[in-house]
Amino acid sequence: LALIESGYSNTAVSRARAVGIWQFIAGTGRRYGLKQDDWVDERRDPFRATDAAARHLADLNEEFGSWYLAAAAYNAGAGRVTRSLRRLPGGEGETPSASTFFALYDKRYLRAETRDYVPQLSAAALIAKDPARYGFDSIPGLQPLVYDEITVPDATGLDVIARLADTTISAITELNPEYYRGVTPPRRTSVVR
């Protein structure tokens with residue numbers, strides 16, 4: 001899903017102001033516990049945002065009873081999918097299933113972006129399960145990130161942390177994209193990778 005949403009870019013911002021690899025809008029991010037203020041935007045934090053995205057998708061799957069509809073709701077919003085379901089003949093009383101998304105697709109009750117989104121997600125999942133079958137056999141795997149976490153005092157510059165850790169600013173920034181001003185927030189301690 002993050003591949004389709006943002007190409008795995010923590011700095012991605014959509015025209016709807018959705019942010020990060022999982023493209024959370026502000027309200028959904030807050031609902032799932034992601035802090036956003038003048039100093040921190042945890043929608044950019046790949047660790048916290050991934051946890052929030054997994055919980056959000058699980059909630060959407062529970063609400064709609066179908067991973068296809070959950071993916072459509074992740075893209076278009078739960079309200080839009082609910083309204084689209086009501087437009088289907090017998091829409092209020094039937095239990096949604098995987099085929100329900102395709103009924104919405106055929107009737108064009110969802111925007112083109114969402115109609116395309118779910119098949120793109122399905123294709124990405126198929127490729128991820130068997131990359132060699134689709135010509136992606138020469139891509140080397142990545143090693144897991146290795147890092148330490150430290151608690152720093154308020155208003156600590158990421159450049160200072162990089163210098164003290166004997167690493168680069170870009171390495172520290174890559175591990176901590178939520179501190180988008182290059183400094184931890186004032187008047188509170190922060191955890192930095």
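Colleague: Does Thr156 count as buried or exposed?

Modeller: Relative accessibility is the value to look at, and for Thr156 the figure is 12%. Buried means under 20% relative accessible area, exposed over 50%, and partly exposed in between (1.4 Å probe, protein chains only). With 12%, Thr156 therefore counts as buried.

Colleague: Before we go on, what pLDDT is needed for side-chain atom pairs to count?

Modeller: Residues are numbered from 1 along each chain as its sequence is written, and side-chain values use heavy atoms, leaving out hydrogens and water. This is a predicted model: totals for chains, interfaces and linings use all residues, local features need pLDDT of at least 70, and side-chain atom pairs count only at pLDDT 80 or more.

Colleague: Thanks! Which residue has its backbone oxygen 2.7 Å from a polar atom of the Thr156 side chain?

Modeller: Start by finding Thr156 in the loop between strand E1 (150-152) and H8; helices (H or I, at least four residues) and strands (E, at least two) are DSSP runs, numbered from the N terminus. Leaving aside neighbours within four places in sequence, Thr156 is in contact (heavy atoms within 4.5 Å) with Ile161, Val183 and Thr184. The backbone oxygen 2.7 Å from a polar atom of its side chain belongs to Pro153.

Colleague: How many helices and strands does the protein have?

Modeller: Read from the N terminus on, the elements run α-α-α-α-α-α-α-β-α-α-β. That secondary structure comes to nine helices and two strands.

Colleague: What percentage of the protein's residues is buried?

Modeller: For a sense of scale, the C-alpha trace spans about 65 × 45 × 25 Å along its principal axes. Among contacts between residues at least 6 apart in sequence, 54% join residues at least 24 apart. Of the 193 residues, the buried share is 38%.

Colleague: Which residue's side chain makes a polar contact with that of Thr114?

Modeller: Thr114 sits in helix H7 (residues 112-129), and at 2% relative accessibility this residue counts as buried. Not counting residues up to four places away in sequence, Thr114 touches Ala72, Asn75, Ala76 and Phe101. A polar contact is a pair of N or O atoms within 3.5 Å; within protein, one must be able to donate a hydrogen and the other to accept it, and residues adjacent in sequence count only if both atoms are side-chain atoms. At 2.6 Å, the side-chain partner of Thr114 is Asn75.

Colleague: How far apart are the C-alpha atoms of Leu110 and Leu85?

Modeller: Leu110 is in the loop between helix H6 (98-107) and H7, and with 2% relative accessibility Leu110 counts as buried. Its contacts beyond four places in sequence are Ala72, Val81, Ser84, Phe101, Leu104 and Arg115. Although Leu110 and Leu85 are 25 residues apart along the chain, their C-alpha atoms are separated by 9.7 Å.

Colleague: Which helices do the buried residues of H5 pack against?

Modeller: In helix H5 (residues 78-87), the buried residues are Val81, Ser84 and Leu85. They lie on the same side of H5 because they cover an arc of only 100° around the axis, taken from the directions from the helix axis to the C-beta atoms. These buried residues pack against helix H3 (46-64), helix H4 (67-76) and H6.

Colleague: Are H4 and H5 oblique to each other or roughly perpendicular?

Modeller: Their axes come within 6 Å and cross at roughly 125°; axes are lines fitted to C-alpha atoms, for helices over the stretch in contact, and angles run from 0 to 180 degrees between N-to-C directions. Angles under 35 degrees count as roughly parallel, over 145 as roughly antiparallel, 65 to 115 as roughly perpendicular and the rest as oblique. H4 and H5 are therefore oblique.

Colleague: Which residues of H5 does H4 meet?

Modeller: On the H4 side, the residues are Leu69, Ala72, Ala73 and Ala76. Their partners in H5 are Ala78, Arg80, Val81 and Leu85.

Colleague: What is the phi of Arg17?

Modeller: Most residues other than glycine have a negative phi. Arg17 lies in the loop between helix H1 (2-6) and helix H2 (26-31), and its 66% relative accessibility makes Arg17 exposed. Its phi is positive, near 65°.
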